[in-house]
Amino acid sequence: MQHPLQGIRIVSGTLASFVESVVPLPVTEPADTPLVCLRNVRFAYGEREILRGIDLSVRRGQVVAIMGGSGCGKTTLLRLIGGQLRASAGSVQVDGQDLARLSRDDLYALRRRMGMLFQFGALFTDMSVFDNVAFPLREHTDLPPELVRDLVRLKLNAVGLRGAEGLSPAELSGGMARRVALARAIALDPMLIMYDEPFAGLDPISLGVIGQLIRRLNDALGASSIMVTHDIHESLEIVDYVYFVSEGRIVAQGTPDEIRASTDPFVHQFVHAEADGPVPFHYPAAPLAASLLGEGAP
Amino acid sequence: MKRVAELLRRIGARVVDGVWRLGFAARFFALVLLYSGQSFRRLHLTLRELWFSGVLSLLIILVSGLFVGLVLGLQGYEILQRFGSSEATGTMVALSLLRELGPVLAGLLFAARAGSAVTAEIGLMKTTEQLTAMDMMAVSPFARVVAPRFWGGVISMPLLAALFSAMGILGGWLISVVFIGIDEGAYWSQMQAAVDFRYDVVNGVIKSFVFGVAVSLIAVFEGYDCAPTAEGVSRAITRTVVSSALTILALDFVLTSFMFRGQS
């Protein structure tokens, strides 16, 4: 029986060469240079500093996880890499290009080679599943409708949802919506795929399916993947490298085996889901007794 | 003293915030115009919005126009017959509708029906990250989402206002000629003689076009600028309807004062 990703492999070369022929792409950097490189990146929302000097790199072909507690700046990192936000200091480079120096058109040219899976899919609700996946193909290529149809079916087949092409996003479960969004994210065979909390709110079966898809699609497309998540056990099964972020800094990093064997208090707390440790359970506040007695009441 | 200072501070903050927002809206308008070319290349999107904003607003516009015409016919006859000029009812109905009521009421109804829907749609797209997703796919939300909805509204509005006026004139005829019994020839011929195409009809069309630009801009801007929460979308819809109504009435006064200065 043919593997669902086989079609992707066959067509991806054809599509990539076609996209490159219609979209002028900058020269790709040599294979040994990191695809994504962040150097001393700082970022603040107004007065509130989110990232305080991040150094991070993603090599070609790798699946990298960025982990940390809620609100530690993980999603902000992803937005900086996607060019949605600009770092207040430091440099963010993707495929050798410094995002801060790119014009709007150049940034869009770069984004055509990126795919992003949003936390809740962000599918277009006024389009069917088929049209959602076809959207990037129709927008960025002049492929004949028959070829678009075949490509969409191959992508949907790869995520196991070829039979759902006629459904609307409202008819999909959370896990299905994320798989459709994944098919859309890989529609143009990107060099970099970013995942924002791909496991959040999924049942165990969908969680495993999405996890395996991330790994297999990355390898089948020859892409690199960055995954922002706090699901440590699922992630360690599929990633090549992990960065831990806390309070805007990289506090630990390593391969999955190194992470499992780590004695670092932060990593230990995270891996073993301990309430007490370097990451406090409570948001900073006055002692409970003082609070109950009315001190510091708003 | 402290309270006065606090009050002044709040007023100052609101003024500064308002000026920032106005500047942002002006920049937003410039971007909408800038991306309109790309948007027109995807003509089916604008046509789709014409359907949603224009065709689906037809029912409320036609029914309202009919009732406004009926009331104008009744009131017009009641007042004019006191002066022995009941044959001028048609003229009064037509001029009221073409110059003022057609564009203004159609604009208000359009803001409530189509403007609020556009704000809600764009606001929800923002809340569910659809606009961000589009931007990440290297497709400008201005070209794909905002500009088609803006132009759909701008094109629909004069057509809807024209239909509103036509329906109103028909309503005036129905009440004054069919039910009250004014001479039909007098109704139409006096109207034909008194209504000037450039002075009355064209000025009315210009008004409805300006209202269309204002309402459509407010609707798309409020949707795009809303806070990405349920409450944010709800507030944006309210702002669209309120701001559109006030803007239409204020613009109407300004336009009227420039357009109609007493024809000799």
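Predicted model: local features only at pLDDT ≥ 70, side-chain atom pairs only at ≥ 80, totals over all residues.
Chain B is built from 10 helices and 0 strands. Followed along the sequence, these elements give the pattern α-α-α-α-α-α-α-α-α-α. For chain B the mean pLDDT is 93, with 99% of its residues at 70 or more. The complex as a whole receives an ipTM of 0.80 and a pTM of 0.84.

The C-alpha atoms of chain B occupy a box of roughly 65 × 60 × 35 Å along the principal axes. Chain B has 264 residues, and 44% of them count as buried.

An unreviewed UniProt entry lists "transmembrane region" for residues 20-38, 50-74, 159-182, 202-224 and 236-260 of chain B. Two of the listed spans can be looked at in the model. For residues 236-260 of chain B, the figures are 96% helix and 0% strand, with end C-alpha atoms 35 Å apart.

According to an unreviewed UniProt entry, the annotation "domain: ABC transporter" covers residues 36-272 of chain A. Over that span the model shows 39% helix and 26% strand, and the end C-alpha atoms lie 30 Å apart. Strand E1 (residues 36-45) and strand E2 (residues 48-58) of chain A run antiparallel and are joined by 8 bridges. One of the pairings to look for is that of Phe43(A) with Leu51(A), its bridge partner in E2(A). The two strands make a hairpin with 2 residues between them, and in the turn Gly46(A) has a positive phi of about 65°.

Glu197(A) sits in the loop between strand E7 (192-196) and helix H7 (204-221) of chain A. Glu197(A) counts as buried because 21 other C-beta atoms lie within 10 Å, and the cut-off for buried is 20 or more. In chain B, Glu129(B) has a positive phi of about 65° and is not a glycine either. Its place is the loop between helix H5 (89-127) and helix H6 (130-136) of chain B. Glu129(B) has 20 C-beta neighbours inside 10 Å, so this residue is buried too.

Leaving aside residues up to four places away in sequence, Ala183(A) touches Val133(A), Lys155(A), Leu156(A), Ala158(A), Val159(A) and Leu161(A).

Finally, the two chains meet each other. In this interface, 13 residues of chain A are in contact with 9 residues of chain B. On the side of chain A that touches chain B, the elements giving two or more residues are helix H3 (104-111) and helix H4 (129-140) of chain A. The largest share of that side, 3 residues, comes from H4(A). By type, the residues on this side of chain A divide into 7 nonpolar, 3 polar and 3 charged.

Note on methods:
Residues numbered from 1 in each chain as written. Chains lettered and ligands numbered in written order. Helix = DSSP H or I, 4+ residues; strand = E, 2+ residues; numbered from the N terminus. Buried ≥ 20, exposed ≤ 12 C-beta atoms within 10 Å, placed from the backbone. Pairing = 2+ DSSP bridges. Contact = placed C-beta atoms within 7 Å. UniProt positions renumbered as here; feature names shortened; annotations may be inferred. Nonpolar A, V, L, I, M, F, W, Y, C, P; charged D, E, K, R; others polar. pLDDT = per-residue confidence, 0-100.
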